[in-house]
Amino acid sequence: MWFIFVQSLFAGEKLPKDVSVETLLKRGFSPKLVAIWKQKTQGTREDFFLWKRNLRGKEASLVAKLWKEEALSYPPAKQRLGKAEGNRNQSMANRTSDPGSLSPDPFLGEYWFVGLSHQNLDVQYLPREEKNHSAISLGGFQKGQRFVFEKRDDEFLYGLDLVKNSYRLTSGNRYKPIPHFYFAKDPNFYSQMDRPNSPLPQPLQSSHFFGSQFPMEGKHLEFGIYSAPGFSAYPGIYYVSPNKSYSGVWSPGENKSSFFINDFFDLQNGGKHRVQSESIFHPKESVGFFYSKSEMNDSSIFFDSTLYRDSPLLYGNLSIGENRPEIPQTLGYMRGSYKHLLGGETLSSMDGHRYERGVSGFFPLFVSDLGNIIYRYREYNESGNYNFNEIGRAIFYEWRKDRTVCSVGFESRDLGGQWEGKIAIPIYLGQLLELSAILREGNLKTRAWFENWTYASDFNINLTDREEIIKIKYVSHFLSLNVSYSEKENMPAPIVFINFQFLHLFEI
């Protein structure tokens, strides 16, 4: 009763920050517009109205309609009758790797933090010093500045992200203004906490950036210079678009560059489309990936594709004793479907002198609210050092609801078969649990198409000849666990990988 009474006192004054993420989505806001709305409501009243006035087209119409129908107001602070500030944990909607996954952003406001991570890779014959990697970090976000001091294995490192007026300086081994993943990446560490505003983005090799921010339509374009020996022996320039959807770096001394794209398009009559890409261009070799995903307005037709070229260049300078394939792999994959029931796939891969390709089609045998029975026909072809051709016929049970997926089935081939399974569960906003597995038996000649993850990270698929792979991943803002187990034929010991990460925010 007391809660209802307090609510009634402010019923006539609903602020923009009081509008829930669910309401914004129901009003037709795109995930990107939701995130910007929530971010702007945490700033000053003047900045919010400046952004609102600069909106154009469909976004301006949506905001105006929401303002009228929700009877919103944004009076100066002294007119708010002492109304308490909203909790920062109920603020900006954070878009994770899947734009449909929205959750409150806990990284707004001032705080201190501690982070821990431990990684174990149990592989036979691998030196002990490369099996385990641990890190601890301490830092804070105070008055708009980020800083961290950390210990990675036996190294003591730092990171600074300082903003003064329109200038920005980042220095050390943690922060950078560009959102690139592969740029000067520390080959022994990665961050599962890398989300917008997170204090623990991807760990870096030593890098330094200095640039200026230029206001543009309520956001900031950023341009400047950088030095990152782990990426290039020569300094260069960098650029970041106002919404950080496009970014690039260029080192003229080595003629080496890196470009990043992560954009989401919600076309009124053309469906929803997402594009992701990061590429490194070098006279010796160009590598990277491209990923696209499309969904029609009625959520009945889906299409996604990925293309990547993998090589040691993606990882920059390798640590001493680090072993990675010297031969790059190029893989392309496309898939289209109607309601995930009827569709097809195609895959092509070149790995040294090993050429692999295949096509697949699937259709429903039985459809119900309790799940669907799907039949899949797939052709596998390999040429180069060997020449193999196999036909796979599979039966799957699948159950899908919203973003939850459960799929399990068996594919039969002439000389064996394989069990495949995948579970993806969004437990709560910002918390994702996934399991994927494949078990191969018999004398299979060609490799399997193994889909690693769908929601907990960007969709990706690769080729594997391992007899058994089991992967489990749990991801949230403050905790992540990544476990994988695999066995290979005629290998006496399996490979076990475990990565645990923890982040805690606190106030002093």
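Buried means under 20% relative accessible area, exposed means over 50%, and partly exposed lies in between, computed with a 1.4 Å probe on protein chains only. The views below show a predicted model, in which local features need pLDDT of at least 70, side-chain atom pairs count only at pLDDT 80 or more, and totals for chains, interfaces and linings use all residues. Residues are numbered from 1 along each chain as its sequence is written, and side-chain values use heavy atoms, with hydrogens and water left out.

**View 1. Salt bridge between Glu356 and Arg447.** Glu356 sits in strand β18 and Arg447 in the loop between β23 (431-442) and β24 (448-451), so the bridge ties together parts that are 91 residues apart in sequence. Strands (E, at least two residues) and helices (H or I, at least four) are DSSP runs numbered from the N terminus. Glu356 and Arg447 are both buried. Salt bridges with shared partners join Asp351, Arg354, Glu356, Glu382 and Arg447 into one network.

**View 2. The second largest cavity.** This cavity contains about 50 Å³ of space. On a 1 Å grid over the protein atoms alone, a cavity is a set of points where a 1.4 Å probe fits but cannot get out, and lining residues have an atom within 4 Å of a point. Grid points are joined across faces, edges and corners, and a volume is the space filled by probe spheres set on the points. Among the lining residues are Glu356 and Arg447, together with Leu347, Tyr380 and Trp449. Strands β18 (354-368) and β19 (371-383) each supply at least two residues of this lining.

**View 3. The largest cavity.** Of the 3 cavities of 30 Å³ or more in the structure, the largest holds about 190 Å³ of space. Its lining has 22 residues, and Ser117, Ala135, Arg174, Tyr190 and Gln501 lie nearest its centre. Strands β3 (111-122), β4 (132-142), β5 (145-152) and β28 (495-506) each supply at least two lining residues, and β3 gives the largest share, 5 residues. By class, the lining has 9 nonpolar, 10 polar and 3 charged residues. Here Ala, Val, Leu, Ile, Met, Phe, Trp, Tyr, Cys and Pro count as nonpolar, Asp, Glu, Lys and Arg as charged, and the others, Gly among them, as polar.

**View 4. Salt bridge between Lys32 and Asp263.** The search of the whole structure finds 20 salt bridges. In this one the side chains of Lys32 and Asp263 meet at 2.2 Å, N to O. Lys32 belongs to helix α3 (residues 31-41) and Asp263 to strand β12 (residues 256-267), so the pair ties together parts that are 231 residues apart in sequence. Lys32 counts as buried because its relative accessibility is 17%. Asp263 is also buried, with a relative accessible area of 5%.

**View 5. Salt bridge between Arg378 and Glu345.** The closest N and O atoms of Arg378 and Glu345 are 2.9 Å apart. Arg378 lies in strand β19 and Glu345 in strand β17 (residues 342-351), so this bridge ties together parts that are 33 residues apart in sequence. Both residues, Arg378 and Glu345, are buried.

Note on methods: On a 1 Å grid over the protein atoms alone, a cavity is a set of points where a 1.4 Å probe fits but cannot get out, and a pocket is an open set with protein on both sides within 12 Å along at least five of seven lines; lining residues have an atom within 4 Å of a point. A salt bridge is a side-chain nitrogen of Lys or Arg within 4 Å of a carboxyl oxygen of Asp or Glu.
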